[in-house]
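Please walk through this model strand by strand. Start with the sheet, move on to a loop residue, and finish with a hairpin.

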Amino acid sequence: MKNLLLKSFLLVSALGIFSNGFTQTCPEGMISYWRLEESTGTVFADENGIHDATAVSSSPVQTTGISGRAQFFNGSSSNFLSVADHSAFDWAGTSSFSIELWVKYSGTGATEVFIGRDDPSSPVHWWIGTTSTGKIEWYTRTSDGADGDVVTTNSYNDGAWHHIVCLLYTSDA
């Protein structure tokens, strides 16, 4: 009989703004990579060319990013990007994966999602966002219905750029 070891990590770091001057590409095995550097329009390219994101109702506005350009989302319920459903995002309880992003936010009072997936036709649900007190939260529910929830002890709503890495690692023990 196999024992399943499930570990969930959330890493948040505050780093100075940098630019390495090199064009960045997706490493092998990466599902999607959105630079979010578009200056106009409603389509935001996936560097792999598979999962382009679309502004649903109102497009974010281009702004200065951590390395190059970024998008400013105003926090309204209509200011978000959507990616079409794809089986590549249907992670099972035995799947290992990571999600990485840079965020800069301030304010408190409402839970806001930075990136996530919600499929009403399946149990798969995950999101990374901020709690009403400015802490970072990562919630997952895999296709087998297993839940996970990690919340930072510190708040990061200080208006500085923060690098967030979420890792779900599974292995047979």
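S2 and strand S3 (residues 53-55) pair antiparallel through two bridges. Strands here are DSSP runs of E, at least two residues long, numbered from the N terminus. Two strands count as paired if DSSP finds at least two bridges between them. Within this pairing, Phe-44 has Ala-53 in S3 as its bridge partner.

This is a predicted model: local features need pLDDT of at least 70, side-chain atom pairs count only at pLDDT 80 or more, and totals for chains, interfaces and linings use all residues. Residues are numbered from 1 along each chain as its sequence is written, and side-chain values use heavy atoms, with hydrogens and water left out.

Now widen the view. S2, S3 and S6 form an open sheet of three strands, in the order S2-S3-S6, with antiparallel pairing. Strand S2 (43-44) and strand S6 (81-83) are at the edges with a single partner strand each, so one side of each has no neighbour in the sheet.

Next, follow the chain past S3. Pro-60 lies in the loop between S3 and strand S4 (61-64). Is Pro-60 buried or exposed? Pro-60 is buried, at 9% relative accessible area; buried means under 20%, exposed over 50%, and partly exposed in between (1.4 Å probe, protein chains only). Setting aside neighbours within four places in sequence, Pro-60 contacts Phe-44, Ala-55, Gln-71, Phe-72, Phe-73, Asn-79 and Leu-81. Contact means heavy atoms within 4.5 Å.

Strand S8 (residues 112-118) and strand S9 (residues 125-130) run antiparallel, joined by six bridges. Six residues separate S8 from S9 in this hairpin. Glu-112 has Thr-130 in S9 as its bridge partner.

Methods: Helix = DSSP H or I, 4+ residues; strand = E, 2+ residues; numbered from the N terminus.
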